[in-house]
Amino acid sequence: GAYLQGKFDDLRIYSSVLDVTAVNQLYNEANILEPVAIYDFNDGTANDQSGNGNHGTAISTTTTLDRFGNADAAYHFDGSTSIVEMTDGLLLNPNMAISLWFKTTSEGAILGYQNNNYPASGANWVPVMYAGTDNTLHATMWSGSVINLNPNNTVYNNGQWHHVVLT
């Protein structure tokens, strides 16, 4: 599958499952729980803002306007080589939650993991969350099955910001 072409903002990773109240609080910008990692990109880097040291490395990305219109506070991904490489094992907890905002007019992988550093050949790569060509968002955790995150077929590739929580 292709990488997502679009914008990415405010990725948060939690070490526990979130309930509906917590998800709504995230959408409304409330600080809930203590995340394992926060990548808000507000400083133009992929540094972890949680204080846990799970810093990422941005590769072939450019900074852009975030969902509030702040300059250099989100990343634009080109759809072919842009990634943020994160700490090994960060996405392998089956009892976790991932919250993020994205904006696109296309399809592709939004978030994934692989067993070798990018761009290693022979790496096993699995998308955690991807926007399908059928106007659906699909997701899976490490040991789960793929689910449709968009059962009502809400348009996600309309160039607007969308909040997604996988828990």
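Predicted model: local features only at pLDDT ≥ 70, side-chain atom pairs only at ≥ 80, totals over all residues.
Helices (H or I, at least four residues) and strands (E, at least two) are, throughout this talk, DSSP runs numbered from the N terminus. By that definition, the protein chain has 1 helix and 12 strands. Read along the sequence, the order is β-α-β-β-β-β-β-β-β-β-β-β-β.

Residues are numbered from 1 along each chain as its sequence is written, and side-chain values use heavy atoms, with hydrogens and water left out.

On confidence, pLDDT is the predictor's confidence in each residue, from 0 to 100. The mean pLDDT of the protein chain is 80, and 82% of its residues reach 70 or more.

Now the chain as a whole. I call a residue buried under 20% relative accessible area, exposed over 50%, and partly exposed in between, using a 1.4 Å probe and protein chains only. Of the 167 residues, 44% count as buried. The accessible surface, from the Shrake-Rupley method with a 1.4 Å probe and with only the protein chains shown counting as cover for residues, comes to about 8300 Å², and 47% of this belongs to carbon and sulfur atoms. Contact means heavy atoms within 4.5 Å. Among contacts between residues at least 6 apart in sequence, 57% join residues at least 24 apart.

Let me turn to strand 12. How many of the residues of strand 12 are buried? The count is 5 of the 5 residues, 162–166, so strand 12 is largely enclosed by the rest of the structure. H162, V164 and L166 point one way from the strand, H163 and V165 point the other way, and all are buried. Two strands pair if DSSP finds at least two bridges between them. Strand 7 and strand 12 run antiparallel and are joined by 5 bridges. Within this pairing, W101 has H163 of strand 12 as its bridge partner.

A pair of aromatic rings is described by the distance of the centres and the angle of the planes. Rings of Phe, Tyr and Trp (its six-membered ring) pair if their centres lie within 6.5 Å; planes under 30 degrees apart count as stacked, over 60 as edge-to-face and the rest as tilted. The structure holds 5 aromatic pairs. In one of them, the rings of F8 and F41 have their centres 6.3 Å apart and their planes at 50°, so this pair is tilted. The pair links distant parts of the chain: F8 is in strand 1 (residues 5–14), F41 is in the loop between strand 2 (37–39) and strand 3 (57–59), and 33 residues separate them. F8 is buried, at 6% relative accessible area, and F41 is buried as well, at 2%.

A further pair is formed by Y27 and W101, whose ring centres are 5.5 Å apart with planes at 25°, so the pair is stacked. Because Y27 lies in helix 1 and W101 in strand 7, this pair ties together parts that are 74 residues apart in sequence. Y27 is partly exposed at 49% relative accessibility, whereas W101 is buried at 8%. Ring pairs also link F8, F41, Y75 and F77 into a cluster.

Next, backbone geometry. Most residues other than glycine have a negative phi, and most peptide bonds are trans. Which way does the phi of F41 point, positive or negative? For F41, phi is positive, near 60°. D10, also not a glycine, has a positive phi of about 50°; D10 lies in strand 1 and is buried at 8% relative accessible area. E29, which follows helix 1, has a positive phi near 70°.

At the start of helix 1 (residues 20–27), a side-chain oxygen of D19 comes within 3.2 Å of the backbone nitrogen of T21.

S106 is buried, at 16% relative accessibility. A polar atom of its side chain lies 3.3 Å from the backbone oxygen of Q5. Apart from neighbours within four places in sequence, S106 is in contact with L4, Q5, A131, Y156 and N157.

Definitions and conventions. Polar contact = N/O pair within 3.5 Å; in protein donor to acceptor, adjacent residues only side chain to side chain.
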